[in-house]
Amino acid sequence: MKPWREACEQAVRDFSDADSIRFWRVSHATPEGERPVFNYRFEHTLAVVKTARWLCPLVGADLDIVEAACWLHDCVKRLKDPSSKDTHAADASVKVPEILAGTDFPSEKIPAVQHAIERHVGLRLAKKLEPLETACLWDCDKLSKIGAASLIHFGCISGAFQPIDTATILERGEAWIPLAEGIVASFNTGPAIAEGHRRLAFLKAHYAQLRREWTDPMEGAP
Ligand SMILES: [Fe+2]
Ligand SMILES: [Fe+2]
């Protein structure tokens, strides 16, 4: 029986590598084969999984359910595809039994994985999500959008959507802050709320410093 984590990682890697190459319209030839310039989807997914491994023991959530949901929550999400409406949560949920079939994942936990994935979208919550595992996926997914790694992911992918420069990154980064505040106000779990505030302070400091360097050169420097 294939280990379920390996099966999940492979499924996400295969889909997102191919989609990244489609999206960038350029790739690198490597000894391992054709590789995308930057695989945003995989890097984001990895950040979400790492966060789950931190969060679940702190809140007593079932790590099998949350980690599988983290691996697969965006497993068929394509990078910017204006021709189709966004049904990626429902589409990913449908794929879950197929990807986990023949692995050592406990089959009785599959519906809980699907439940979490179906509810992970949106940047604000009107009320806390239940059960805990569904709440944890939301928190891990959104934490990944407001951390230090998110700045790298954002910077690396931005140029694929439009021509960018430092001033544009600064403008878009500052516009993201109110949305990040909304995310932090919506977190379900105590550790995510605390970590969210830490990351929000970091993001604000980062963009304040970038503005200081780029727009108001060295204001306040001796
Ligand atoms: Fe998603
Ligand atoms: Fe995501």
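Helix H3 (63–72), helix H4 (88–100) and helix H6 (132–143) are among what covers the buried residues of helix H5, where helices are DSSP runs of H or I with at least four residues, strands are runs of E with at least two, and both are numbered from the N terminus. Contact here means that the C-beta atoms of two residues, placed from the backbone, lie within 7 Å. In H5 (residues 110–118), the buried residues are Val113, Gln114, Ala116 and Ile117. Seen down the axis of H5, these residues fall within an arc of 160°, so they line one face of the helix; the arc is that of the directions from the helix axis to the C-beta atoms. A residue is buried if 20 or more other C-beta atoms lie within 10 Å of its own, exposed if 12 or fewer, and partly exposed in between.

This is a predicted model, in which local features need pLDDT of at least 70 and side-chain atom pairs count only at pLDDT 80 or more, while totals for chains, interfaces and linings use all residues. Residues are numbered from 1 along each chain as its sequence is written, and chains are lettered from A and ligands numbered from 1 in the order in which they are written.

Strands S1 and S2 run antiparallel and are joined by four bridges, with a hairpin of two residues connecting S1 to S2; strands pair if DSSP finds at least two bridges between them.

| Strand | Residues |
|---|---|
| S1 | residues 27–30 |
| S2 | residues 33–36 |

Overall, the chain has nine helices and two strands, and 33% of its 222 residues count as buried.
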